[in-house]
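This report describes a structural model, taking up its charged pair, its packing and its surface in turn. The sequence and the structure are shown first.

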Amino acid sequence: MNHPKYDICSRVLHWVMAVVIIYATVAGYAMHFVMDQPAIFSFLSILNMSLATVATPILVIRFIWSHFRIEPKMPSTIPTLQKSVAKLAHALIYLLMFLVFSTGYLMLKEPYSFFWLVTIDNIISSPEVNQFFFISHRVSCALLVALVSLHAAAALKHHFISKNYVLKMMI
């Protein structure tokens with residue numbers, strides 16, 4: 001069956017961000033279990049921060065692009081309220097991604113290595129302020145995990161239960 005799809009740019013940006021968010025989430029929580037293993041912790045931390053550094057401008061591009069692209073038509077079987085809730089959820093996902101990336105950077109007490117190539121300085125050197133952003137980062141990460149999980153569950157629900165083309169629009 002022929003169905004509308006998001007443009008290739010939207011799909012690529014979506015899946016790049018999805019991979020980064022999934023990796024960063026898994027690595028971020030895994031780092032709590034390897035704190036006593038400095039080499040592994042350092043590797044995960046550098047990769048996590050480096051990917052977040054690359055993903056931040058991609059997030060900005062994706063957000064801007066979302067306002068200029070042609071939105072494909074959703075299935076007519078989806079109620080208007082559900083479409084509105086989905087738009088709100090997407091907006092919150094963008095906000096939470098921005099909060100995760102920005103608080104992740106602002107919580108740093110020391111500079112970090114960008115893919116082991118260059119050192120990027122932290123801009124805040126107040127332990128109290130860094131701690132505030134650390135707590136903000138953890139909260140925004142947990143909220144992002146919850147909302148992304150809900151997003152994925154909704155996509156799977158549309159595919160397997162509602163049997164419509166919503167998931168196929170992004171593939």
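The model is predicted. In it, E71 counts as partly exposed because its relative accessibility is 36%, a value that lies between the limits of 20% for buried and 50% for exposed. E71 forms a salt bridge with R69, and the closest N and O atoms of the pair are 3.7 Å apart. R69 has a relative accessible area of 19% and is therefore buried, the limit for that class being under 20%. The structure holds one salt bridge.

**The nonpolar core**

The largest nonpolar core has 16 residues, of which M17, L59, M97, F101 and L144 touch the most other members. Two or more residues come from each of the helices α1 (8-30), α2 (38-66), α3 (80-106) and α4 (127-160). Among these elements, α3 gives the largest share, six residues.

When neighbours within four places in sequence are left aside, L59 is in contact with M17, Y94, M97, F98 and F101.

**Helix α4**

Helix α4 has 34 residues, which at 1.5 Å a residue should span 50 Å; the end C-alpha atoms are 48 Å apart, in agreement with that expectation. The buried residues of α4 are N130, F133, S136, H137, S140, L144, L147, A155 and H158, and they pack against α1 and α3. An α-helix has 3.6 residues a turn, so residues three or four places apart point the same way.

S140 is placed in helix α4 and is buried, since its relative accessible area is 4%. With residues up to four places away in sequence not counted, S140 touches L96, L99, V100 and T103. V148 also has its place in α4, but its relative accessible area is 27%, so V148 is partly exposed. From V148 to I58 the separation is 90 residues in sequence and 18 Å in space, C-alpha to C-alpha.

**The loop between β1 and β2**

Which residues lie in the loop between β1 and β2? F115 is placed there, between β1 (112-114) and β2 (118-120), and W116 lies in this loop as well. Each of the two has a positive phi value in a residue other than glycine. The table sets out their values.

| Residue | Phi | Relative accessibility | Class |
|---|---|---|---|
| F115 | near 50 degrees | 27% | partly exposed |
| W116 | near 60 degrees | 44% | partly exposed |

**A nonpolar surface patch**

V60, F63, I64, W65 and F68 make a nonpolar surface patch of about 500 Å². One of these residues, F68, lies in the loop between α2 and α3. Why does F68 count as exposed? The relative accessibility of F68 is 64%, and F68 is therefore classed as exposed, the limit for that class being over 50%.

Methods:
Residues numbered from 1 in each chain as written. Predicted model: local features only at pLDDT ≥ 70, side-chain atom pairs only at ≥ 80, totals over all residues. Heavy atoms only, no water. Core = buried A, V, L, I, M, F, W, Y, C linked by side-chain atoms within 4.5 Å. Buried < 20%, exposed > 50% of the residue type's maximum accessible area, 1.4 Å probe, protein only. Helix = DSSP H or I, 4+ residues; strand = E, 2+ residues; numbered from the N terminus. Contact = heavy atoms within 4.5 Å. Patch = residues over 30% accessible without salt bridge, like charges linked within 9 Å, V, L, I, M, F, W, Y side chains within 5 Å. Areas by Shrake-Rupley, 256 points an atom, 1.4 Å probe, with all protein chains shown as cover. Salt bridge = Lys/Arg side-chain N within 4 Å of Asp/Glu carboxyl O. Expected span 1.5 Å × (residues − 1).
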